[in-house]
Amino acid sequence: MGYTIAEKIIKEHIVSGKMMRGSQISIKIDQTLTQDATGTMAYLQLEALGIDQVKTEKSVAYIDHNTLQSGFMNADDHKYIGSVAKKHGIYFSRPGNGICHQVHLERFACPSKTLIGSDSHTPTAGGIGMLACGAGGFDVAVAMAGYPYHITMPKIVKINLTGSLNLWVSAKDIILKVLQILTVKGGVGKIIEYGGNGILSLSVPDRATITNMGAELGATTSIFPSDEITRKFLKAQGRESDWTALFADEDAVYDEIINIDLDSLTPMIACPHSPDNVKSVDEVGNLKIDQVCIGSCTNSSITDMMKVAYILKGKKVHPNVSLSIAPGSKQVLTMLAKNGLLADIIDAGARVLESACGPCIGMGQSPNSGGISLRTFNRNFIGRSGTKDAKIYLVSPEVAAYSAIEGILSNPTNLGEMPKFEIPDMFVVNDNMIEPPAEPEESSNVKIIKGPNIKPFPVANELPKNIEAQVILKVGDNITTDHIMPAGSKILPYRSNIPYLSQFCFEVIDPAFAGRAKAAGKGIIIGGVNYGQGSSREHAALVPLYLGIKAVIAKSFARIHEANLINTGILPITFSNPNDYDDIDQGDELELFDIRNCIENDLPIVLINRTKNIKIPVNCNIKGRNKNIILAGGLLNHLKKGLK
């Protein structure tokens, strides 16, 4: 029996366990990445581990999220991250150099290698044939310290692409179609692997768009083969020596196969407020729009920008529409400037933003109240844009640019003939905004710069014998990390200050949550299906820990968030019968009796609702190493005990 693409990489990197679906394995990590919204905490954790020099082949720290410097906080974080990177052997991508996933794809990602990053869209590098996973910052810190990355061996799903895309239909439409089929929880516990003759018409940037939004499926990662198209891209980046061929064996066995005929696809759109609320553009019709934003780690490559510039050339942005465009990297922006396409974009009336995440995380460009915004981004959760009552739609760059001119949602297939947009034979390569680390013998002379906004992260105590606490909050299905710990220009500057950040926890759902949790001193959260989907931000676990949350009891958890809860020392519990969720209300007094003994010895767990005087069977699916971590009160305590 042959191997899939992912299995081949795992086989070469496995440290412990067996490559059997559902079993616990650990794999060696070749590369890591962080960004500044999660990086400060990750490097505080790295320092807490007492590591002198990172043990990976390459680790890179990017500044791309918190680039708006309206106070000292972001600038201080940047100084801190830069100094830690210099001291500990990490490459530092300075503000303005670009979005981490775009730059990593251009300059560092390698086929057949492993990568974890403290950002849920790290699977972007799967477009180049890399096994790339989003993870919490602590998992990334631990990987930099030389420990393997622990996961449950996923199922592997093949998306078989056949045919070729019609004119003005794009890679974004492919992944929106996949989301329509699988939904935001359809990829949980799975690796999505792409194959079929349809991939031969997709460039590496196209493939990266698709693997990027695999995060919205809840997938562990997504991956494409490494073929001659991959080789061409790396050669154009001056990195042909990094190329290696990587294909699934013909007799590889998949847990599921989904066929998509590219010839049948039309331009698609994800409607508010979920990436899987997908329809065709024609189904939605002539929607009047107020704003268009083009960019993000999903759609900011040079080929995306070439298409946008072509559509905008000689045209004028509709007077009722605000159009902003953020090229994904300095490389992309430089090439647009050199070939004249930037002038076409500016002449049309677009507002050109710096090469950063920007509006995707609510860092500027918030829509008007009640506004309709088309975005080439990957998430449209309520409030994420910075305007709570705005309606955010996710589209391709082609749909976005054409609609910006027309003033209404418009189908770009009406544009007629389309030129062939290909990656250049040679990219403009200038890495002068990537600072190398100090040589190991010089690292002791590097001083860590730590501003007043950087506070210590909370650490849990050992799991107690019993947990007795009130339900501080009860929420529904598909609660995102944006719900738990919002992004945006008001909040993101405080990502390194957990005490201050805590006042915004669950603000989108219940502004009184933080005060209620503080007053109670300890508490439990009740959740529905897919609790914690979305971003990898471990702040969605660290802040509840700071507020005294001892356990989250849900119908099911998103993969990364469940790992973050365990790493911080918050107990994740699931209902044995999902209908029992209805028997608990906010304010109920609950008890997990003898919980430490139950987890330690794999005994049945009973949740006692003292308020209603009922007993509810629940599950704790924590096994092996994770069991030891939760018993110790989190990953830091676990590692300090000398465990692995």
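Visitor: How does helix 2 pass helix 5, in a left-handed or a right-handed crossing?
Guide: A crossing is left-handed if the near helix is turned anticlockwise from the far one by less than a right angle, and right-handed if clockwise. Helix 2 passes helix 5 in a right-handed crossing. The helix numbers count from the N terminus along DSSP runs (H or I, at least four residues, for helices; E, at least two, for strands).

Visitor: What should I know about the model before reading on?
Guide: This is a predicted model, where local features need pLDDT of at least 70 and side-chain atom pairs count only at pLDDT 80 or more, while totals for chains, interfaces and linings use all residues. Residues are numbered from 1 along each chain as its sequence is written, and side-chain values use heavy atoms, with hydrogens and water left out.

Visitor: At what angle do helix 2 and helix 5 pack?
Guide: Axes are lines fitted to C-alpha atoms, for helices over the stretch in contact, and angles run from 0 to 180 degrees between N-to-C directions. Helix 2 (residues 36-48) and helix 5 (residues 137-144) pack at about 45°, with axes 8 Å apart. That makes helix 2 oblique to helix 5 (under 35 degrees is roughly parallel, over 145 roughly antiparallel, 65 to 115 roughly perpendicular, and the rest oblique).

Visitor: Which residues make that contact?
Guide: With contact meaning heavy atoms within 4.5 Å, helix 2 contributes Ala42, Tyr43, Gln45 and Leu46, and helix 5 contributes Gly137, Phe138, Ala141 and Met144. By class, the contact of helix 2 with helix 5 has six nonpolar, two polar and no charged residues (Ala, Val, Leu, Ile, Met, Phe, Trp, Tyr, Cys and Pro count as nonpolar, Asp, Glu, Lys and Arg as charged, and the others, Gly among them, as polar).

Visitor: How do helix 6 and helix 7 pack?
Guide: Helix 6 (residues 171-182) and helix 7 (residues 204-212) pack at an angle of about 25°, and their axes are 8 Å apart. Helix 6 is therefore roughly parallel to helix 7. The crossing of helix 6 past helix 7 is right-handed. Ala171, Lys172, Ile174 and Ile175 of helix 6 meet Asp206, Thr209 and Ile210 of helix 7. The residues of this contact divide into four nonpolar, one polar and two charged.

Visitor: How many aromatic pairs does the structure hold?
Guide: Rings of Phe, Tyr and Trp (its six-membered ring) pair if their centres lie within 6.5 Å; planes under 30 degrees apart count as stacked, over 60 as edge-to-face and the rest as tilted. The structure holds 12 aromatic pairs. One of them, Phe233 with Phe427, is edge-to-face, at 5.6 Å centre to centre and 70° between the planes. This pair links distant parts of the chain, 194 residues apart: Phe233 is in helix 8 (residues 228-236), and Phe427 is in the loop between helix 13 (397-406) and strand 20 (434-435).

Visitor: Are Phe233 and Phe427 buried or exposed?
Guide: Buried means under 20% relative accessible area, exposed over 50%, partly exposed in between (1.4 Å probe, protein chains only). Phe233 is buried at 3%, and Phe427 is buried at 6%.
Tyr310 and Phe421 have ring centres 5.8 Å apart and planes at 75°, so this pair is edge-to-face. The pair links Tyr310 in helix 10 (residues 302-312) to Phe421 in the loop between helix 13 and strand 20, 111 residues apart. Tyr310 is partly exposed at 42%, whereas Phe421 is buried at 18%. Ring pairs also join Trp168 to a cluster with Tyr310 and Phe421.

Visitor: How many residues of helix 13 are buried?
Guide: Nine of the 10 are buried, so helix 13 is largely enclosed by the rest of the structure. Among the buried residues are Pro397, Val399 and Tyr402. The buried residues of helix 13 pack against helix 9 (281-284), strand 15 (291-294), helix 10, strand 16 (322-325) and strand 18 (372-375). Just after helix 13, Gly407 takes a positive phi of about 85°.

Visitor: Where do Ser112 and Ser296 lie?
Guide: Ser112, in the loop between helix 4 (100-107) and strand 6 (114-117), has a positive phi of about 75° although it is not a glycine. Ser112 is partly exposed at 24% relative accessibility. Ser296 is in the loop between strand 15 and helix 10. Ser296 also is not a glycine, yet has a positive phi of about 80°; Ser296 is buried, with a relative accessible area of 3%.

Visitor: What is omega for the peptide bond from Pro272 to His273?
Guide: Omega is near -5°, and the bond is cis. His273 is in the loop between strand 13 (268-270) and strand 14 (278-280).
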